[in-house]
Number of protein chains: 2
Amino acid sequence: MSEAKPVRIALLGCGTVGGGVLRLLRQNQAYLASRVGAPLEVRHVLVRDTTRPREEGCEQAWITDDAGRILEDDSLDVLVEVMGGEQRAGELIERGLQRGLGVVTANKFLLARRGPELLDLAVKQGTDLAFEASVGGGIPVIRTLREALTSDWVERLDGIVNGTCNYMLTRMREDGWGFEEALREAQRLGYAEAEPSLDVDGHDAAQKLVVLAMLAFGARVREASVPVQGIRAIDAADHRFAERFGYRIKHLAVGRDHGGHLELRVHPALVPTSDVLASVSGVLNAIRVEGRALGPCLLSGRGAGAMPTAVSVVADLVDVARARIAGVAGLATRGIQMAERALLPLQEVSSPFYLRFSVQDRPGVLAAIAGSLGDNGVSIEQMVQTGAGEGPVDIVMTTHRARWGGVEQALVHINQQDFTAKPGRFLPILQG
Amino acid sequence: MSEAKPVRIALLGCGTVGGGVLRLLRQNQAYLASRVGAPLEVRHVLVRDTTRPREEGCEQAWITDDAGRILEDDSLDVLVEVMGGEQRAGELIERGLQRGLGVVTANKFLLARRGPELLDLAVKQGTDLAFEASVGGGIPVIRTLREALTSDWVERLDGIVNGTCNYMLTRMREDGWGFEEALREAQRLGYAEAEPSLDVDGHDAAQKLVVLAMLAFGARVREASVPVQGIRAIDAADHRFAERFGYRIKHLAVGRDHGGHLELRVHPALVPTSDVLASVSGVLNAIRVEGRALGPCLLSGRGAGAMPTAVSVVADLVDVARARIAGVAGLATRGIQMAERALLPLQEVSSPFYLRFSVQDRPGVLAAIAGSLGDNGVSIEQMVQTGAGEGPVDIVMTTHRARWGGVEQALVHINQQDFTAKPGRFLPILQG
């Protein structure tokens, strides 16, 4: 099947994912050539430090720190961007697309900020921009949204898309740990950065949700407009209470298409233990998409890591290279439509909730709490009170479906009362 | 984006799936045209009874019971086969491929028997044969194996691919029902046929495994060479014992690539409750693929039903039509390689097992059982004995990893002993 002319590739970045890509290209050379219809030939590998040792089989002649030299190479076909960051990666991808090169990227950060604009540019230049590896590592969710669901209408999306949060929440639940203890262990194992904010404060998940929303809901959304909450406030007692009510706490990226408004949010939530998402443990990721015709479809796997991510990058590379060799670059993105979508304000979101109050144990407190909730349209479903006697007690409850804004208002009122020992908190409960 | 010349389609069969396909084509007409680059135009709908009322929007002029008339239409581009069965469907698909038409099929029965041959024919004729809907209904597993895993080596595959079995086993576990009770309920709900053998005896799952093995392991396998066991022998007590040991009983399609030999088998098995597959309940299907680089990747969703299956059919139709319009028919299957693979005999399969004996309660019985197992290289991990005093008792155990053939041999011996009240049985235990 192989034709004479190879597909020429520049790899932008050569960290762990870049090394994985080189390894897969070398190990599967003959098979990939037969799938593409031409050999895949690495021409350049852009790095910051040209002296560092690289993946076996990475030739010294490929290595350069000069992006200009790469972009001047007229024989190039595809840029594979695995360097990360916004500024420089964005500039190189933009210039590549303008030259009509195919582009494969794993850069969720860049896509969350400039995805629709870069996709428009690719369509305009009649070339491809592929980004499976940007969300969910090795999980083929982008391909599924773009191809498998093309005749369906995605109504909801619930994703565990941050492995760091999922690992930490899993250990907190299983081992009764607090946030700090779980974080230290995640850092020790290399699952969390020294500066963990991007993961544990939910920003990484928000970026992925914005990328997913492009294809799931055809939405051009700015990351800044997605309400985000991380997992710092969750403690071991929350896990115990959740379990008692029949739930597990998961950090979720949530999307709902109400037709008019689109609902996007990132936060920890209580997931029924009978829900498959509750069984997705450790660093695993999972994304469940619900199509109007399809019903629910769950994809789960390793959301990060060099080799799973590299598998997605190379799958995209085969697609882009094959289309290019066949003279039909841009075919995969043909007709994809994206529009500005109005977002439902978080206050208007309707959900059942989990509430937790720390209060003085004295008569009338529960009546006061129930009164404030009732005044704001929030009705209690189940309630437990823990401890007794000395010091504050925990009152924990689940509610029937209520307005997010109503719960917030009630908590503002309750937190001002003199019986409140620590500010009350709430988490939404995922409903099937 | 739409060009003048439409893509012309013949729909072969118009039952529930065919009706769903027509509905999706009508509801999403404009979007599908923009994705394909040309309108999709139904020209013929092949049915047995031309007088029966059809899906809204299905024009009378399309309806015919004359396959010859369809194949004579020189303007046709794609055959969409949703009629099922082997003989007639196979003949029409073969003639379509020979004419260079694109073909989309949902027919696992046909593919399990003639898949590699028909795929070869498509490649030879430079056209497409797409079959996402043949396995797992709306779950995009074929696409994932064909595209997303192209740079990886699939080492194992574990699938819950028969919704009837999964529904029945779920109800048996949850409600303490026996096989017959679960079957009656499945039949009442339309999840099982009046003649349920294809599902409950495992043949449907075996057909799907053969189709999956084509892409997962590049294997040309005959359905008859796959060892198959159904769920008739499972009773409510098995579910209770499994739960006690920390497992749930699932009906699985299993594949393992040992490099030299390939292991394929279909049977009920004990799955650890911590495994996500254990949480896949009711009529849901799930397929977990493990790639050497990717690690585990699970896809789950509705494995049957008109609309989920129709979503997969239309996704394939868009692929095939788009490639055809672009002049690159056959691109998606380029370079896919399949070879005859030697299958590991079931006796050589290595696994931990669940064993259940019904024996007279008298001294020396356990020692005799343990002796027979030991003689055949089977060592016990956990054991429970139930009941006591009058009548036979159940001895239930799990074993360490052992040869399938060794367990069979031991059971032949034990079942001949005079203390055996009912023949002993065994199920493999799934290991992570």
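**Briefing: domains, chain pairing and strands**

The C-alpha centres of domain 2 of chain A and domain 3 of chain A lie 25 Å apart. The domain bounds come from an automatic or database domain assignment. This is a predicted model: local features need pLDDT of at least 70, side-chain atom pairs count only at pLDDT 80 or more, and totals for chains, interfaces and linings use all residues. Residues are numbered from 1 along each chain as its sequence is written, while chains are lettered from A and ligands numbered from 1 in the order in which they are written.

**Domains of chain A**

- Chain A splits into domain 1 (7-137 + 306-338), domain 2 (143-302) and domain 3 (349-428).
- In domain 2 of chain A, 13 residues are in contact with 11 residues of domain 3 of chain A. Contact means that the C-beta atoms of two residues, placed from the backbone, lie within 7 Å.
- On the domain 2 side, α11 (236-245) and β10 (262-272) of chain A each supply at least two residues. Helices (H or I, at least four residues) and strands (E, at least two) are DSSP runs, numbered from the N terminus.
- That side of domain 2 of chain A has 8 nonpolar, 1 polar and 4 charged residues. Here Ala, Val, Leu, Ile, Met, Phe, Trp, Tyr, Cys and Pro count as nonpolar, Asp, Glu, Lys and Arg as charged, and the others, Gly among them, as polar.

**How chains A and B relate**

**The interface**

- 46 residues of chain A are in contact with 46 residues of chain B.
- On the chain A side, α2 (29-36), α6 (141-148), β12 (295-302) and α12 (306-325) give two or more residues each. The largest share, 9 residues, comes from α12(A).
- By class, the chain A side has 25 nonpolar, 13 polar and 8 charged residues.
- 100% of the interface residues of chain A are also interface residues in chain B, so the copies meet through the same surface.

**Strand pairing**

- β12(A) and β12 (residues 295-302) of chain B run antiparallel, joined by 5 bridges. Pairing requires at least two bridges found by DSSP between two strands.
- Leu298(A) stands opposite Ser300(B) in β12(B).
- Within chain B, 6 bridges join β1 (residues 7-12) to β2 (residues 40-46), which run parallel.
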